[in-house]
Amino acid sequence: MSILSVKNVNKQFGGLKALHEVNLEIEAGTVHAIIGPNGAGKSTLLNCFVGRLNPDTGSVNFDGVSLLGMLPHQINQVGVSRVFQTPEIFGDLTLAENVMIPAFARRDGAFRINAWRQVEDEQSIRENAMHLLEDVGLADSADNVANQLSRGDKRRLELAMCLVQQPKLLLLDEPTAGMARADTNNTIDLLKKIAERGITMVIIEHDMHVVFSLAQKISVLAQGTVIAEGLPNEIKGHPKVQEAYLGGAHL
């Protein structure tokens with residue numbers, strides 16, 4: 001059963017066709033990777049999923065509801081969360097506060113400063129934040145300022161910030177970009193644990209070690225078009241994929 005259905009999506013910037021007749025079906029409870037060379041349209045497609053861009057034509061439906069025309073916080077409230085390529089956290093706040101803010105935003109539609117005055121709500125939300133920080137291995141640093149974290153730990157914090165919103169679909173834009181191999185492997189392990197909860201994940205990633213460690217299905221974009229789709233073993237040897245990656249140097 002598809003939780004995210006993308007049909008005939010097109011997006012053009014001036015004379016550049018960034019996306020051309022893109023069709024995708026993301027099955028609920030799976031990890032689906034979208035790969036492709038630089039400039040293939042991957043981030044543009046992801047931005048169409050989360051309201052940062054509207055496609056020129058086509059449809060994007062999540063759990064039977066059209067996402068087109070929704071504001072980003074509305075998309076978030078229906079159950080879609082996104083992890084950005086560069087971790088987007090509140091560097092001057094503590095880890096616990098970072099996780100609490102999106103919880104208030106999910107409840108209210110946007111973060112409002114007066115929400116902090118609702119002591120009973122704050123207490124329950126803080127308890128949930130601490131539970132999630134424990135899940136991602138950061139509970140011992142809950143009262144530390146987020147700017148002090150390593151890049152890998154910032155990614156863990158951002159995942160906790162997403163999970164507190166109780167998403168049905170988690171979109172990850174190069175979740176291991178800039179990480180050392182040890183941090184990458186730790187992130188893979190964490191994402192596997194998240195997948196075990198039944199959360200559907202769409203991952204955009206250049207690191208094929210990450211893709212083949214996590215993905216159950218892979219779609220390949222090249223020049224804004226899906227050129228191949230299938231199981232990891234099918235994609236590895238696909239001639240169109242090898243051609244798109246200049247002889248398969250990245251596979």
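Tutor: Two strands pair if DSSP finds at least two bridges between them. In this predicted model, strand S1 (residues 2-13) and strand S4 (residues 57-62) are joined by five bridges in the antiparallel sense. Within the sheet, Leu 4 stands opposite Phe 62 of S4.

Student: In what order do the strands of the open sheet run?

Tutor: The order is S2-S1-S4-S5, four strands with antiparallel pairing. S2 (16-27) and S5 (65-66) are the edge strands, each pairing on one side only.

Student: Which strands does helix H1 touch?

Tutor: H1 (residues 42-49) packs on the sheet and touches S1, S2 and S4. The direction of H1 makes about 60° with that of S2.

Student: How is a pocket found?

Tutor: Rolling a probe the size of a water molecule over the atoms shows where empty space is left. Here, the second largest pocket has a volume of about 160 Å³.

Student: Which helix gives the most to the lining of the second largest pocket?

Tutor: Helix H9 (residues 239-244), with three residues. The lining includes Lys 240, Glu 243 and Ala 244, along with Pro 37, Asn 38 and Gln 223. By class, the lining has five nonpolar, three polar and two charged residues.

Student: Where is confidence lowest in the protein chain, and where is it highest?

Tutor: pLDDT is the predictor's confidence in each residue. The mean is lowest in H9, at 78, and highest in strand S3 (residues 31-35), at 97. The chain averages 88, and 90% of the residues score at least 70.

Methods. Residues numbered from 1 in each chain as written. Predicted model: local features only at pLDDT ≥ 70, side-chain atom pairs only at ≥ 80, totals over all residues. Heavy atoms only, no water. 1 Å grid on protein atoms, 1.4 Å probe; cavity = no way out; pocket = protein on both sides within 12 Å on 5 of 7 lines; lining within 4 Å. Points joined across faces, edges and corners; volume = space filled by probe spheres on them. Helix = DSSP H or I, 4+ residues; strand = E, 2+ residues; numbered from the N terminus. Nonpolar A, V, L, I, M, F, W, Y, C, P; charged D, E, K, R; others polar. pLDDT = per-residue confidence, 0-100. Contact = heavy atoms within 4.5 Å. Axes fitted to C-alpha atoms, helices over the stretch in contact; angles between N-to-C directions.
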